[in-house]
Amino acid sequence: MGSEIKTVGIMPHARKARSLHVAGELADWLQQRGITARIPREDAIAMGRPEKGSDGAQYLDGLDIIVSLGGDGAMLRAAAAAYEADTPVVGINLGKKGFLTAMEEEHMYPGLEEILAGRFELQERMLLECMLGDDAAGTSHFALNEIAVGKRELQRMVRLEVDIDGSYFHYYAGDGVIFSTPTGSTAYSLSAGGPIVDPGLDCIILTPICSHSLMDRSVIISPHSTIEVLVEREKVLPSLSLDGREEIELPRGGEVLIRKAGRRLKMIKLQGYSFYNLLRDKFDFPGSEK
């Protein structure tokens, strides 16, 4: 890809002054190299440079890569745009954990020089697709990390029936259930007690949230399976969360279909990337190399 990179999409965190400032510097740096920089309209306005902004399909059309400037939340937003455009995404960590990003801010320009020269790893990450049972249009929603079926009220339990490949599997009563990709196994699923899974694998991780049972544990499901979640008709207001970014209100008695998405997200990592070294670094594993 290296020398073919002519158009770069920049996606800063629109509410972080530092991210907006770095986005402006990066746009100028790319322009000095003869590379076109595009910025979503709302972000360009927040930067005070509205002339750099472009809208929707105009922003996505013909992008060679998208650069995210922020933490994991910004990266998930950029990943959704990159998936829609079917173009690679790379993250620069200007946030806290930055587990999905490829490099820290202080390494941004050397790292981008490597990418422009074609020296990087291109990984393909599995996504989840979900559809609402009452959506006559059959609209698909996608998530890189997880789909959480839960509730809006804190004080009541939601009751969910989970069927796998057309057969009844289990009935959960609690705060909800997380369906995670391997990439998302270090996010919300981990907080709920789920396992860490190498993002190079394909599987769907089911993890109950505060289940009112002594028996409920995480379950690893085949990536070829289709999962149906049936929300019991009760007083609680059920909801669906996609990567913690988008929340959809579900009807009582509603249904959600979840499966592996048909396409993968292209994610750029620098050469020498190791998931296990990243795990040790980001989660402050004790001990040191011998």
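**Close-up 1. Strand S4 is covered on both of its faces: Ile65, Val67 and Leu69 on one side and Ile66, Ser68 and Gly70 on the other are all buried.** The model shown here, and in each view below, is a predicted one.

**Close-up 2. Arg38 is a buried residue without a salt bridge.** You will find Arg38 in strand S2, which covers residues 36–40. Which side chain of opposite charge is nearest to Arg38? That is Asp61, 5.4 Å away. A polar atom of the Arg38 side chain does lie 3.2 Å from the backbone oxygen of Gln58. Beyond its neighbours within four places in sequence, Arg38 is in contact with a set of residues that includes Thr7, Val8, Gly9 and Ile10, as well as Lys52, Ser54, Tyr59 and Leu63. Gln58 and Asp61 are among these contacts too.

**Close-up 3. Six strands form an open sheet with antiparallel pairing.** The edges are strand S15 (219–221) and strand S18 (246–249), each of which pairs on one side only. On average, neighbouring strands of this sheet are turned by 20° against each other, direction ignored. Within the sheet, strand S10 (residues 146–151) and strand S17 (residues 238–242) run antiparallel and are joined by 5 bridges. To get your bearings, pick out Ala148, which stands opposite Ser241 in S17.

**Close-up 4. His141 sits in strand S9, residues 140–143.** Is this residue buried or exposed? With a relative accessible area of 16%, His141 falls under the 20% limit and is therefore buried. Not counting residues up to four places away in sequence, His141 touches Leu128, Glu129 and Cys130, together with Leu242, Glu246 and Ile248.

**Close-up 5. Ser167 belongs to strand S12, residues 167–174.** Its relative accessibility is 42%, so Ser167 counts as partly exposed. Also worth a look is Glu228: this residue is 61 residues from Ser167 along the chain, while their C-alpha atoms are separated by 9.3 Å.

Key
Residues are numbered from 1 along each chain as its sequence is written. This is a predicted model: local features need pLDDT of at least 70, side-chain atom pairs count only at pLDDT 80 or more; totals for chains, interfaces and linings use all residues. Side-chain values use heavy atoms; hydrogens and water are left out. Helices (H or I, at least four residues) and strands (E, at least two) are DSSP runs, numbered from the N terminus. Buried means under 20% relative accessible area, exposed over 50%, partly exposed in between (1.4 Å probe, protein chains only). Contact means heavy atoms within 4.5 Å. Two strands pair if DSSP finds at least two bridges between them. Axes are lines fitted to C-alpha atoms, for helices over the stretch in contact, and angles run from 0 to 180 degrees between N-to-C directions. Lys and Arg count as positive and Asp and Glu as negative; His and the chain ends are not counted. A salt bridge is a side-chain nitrogen of Lys or Arg within 4 Å of a carboxyl oxygen of Asp or Glu. A polar contact is a pair of N or O atoms within 3.5 Å; within protein, one must be able to donate a hydrogen and the other to accept it, and residues adjacent in sequence count only if both atoms are side-chain atoms.
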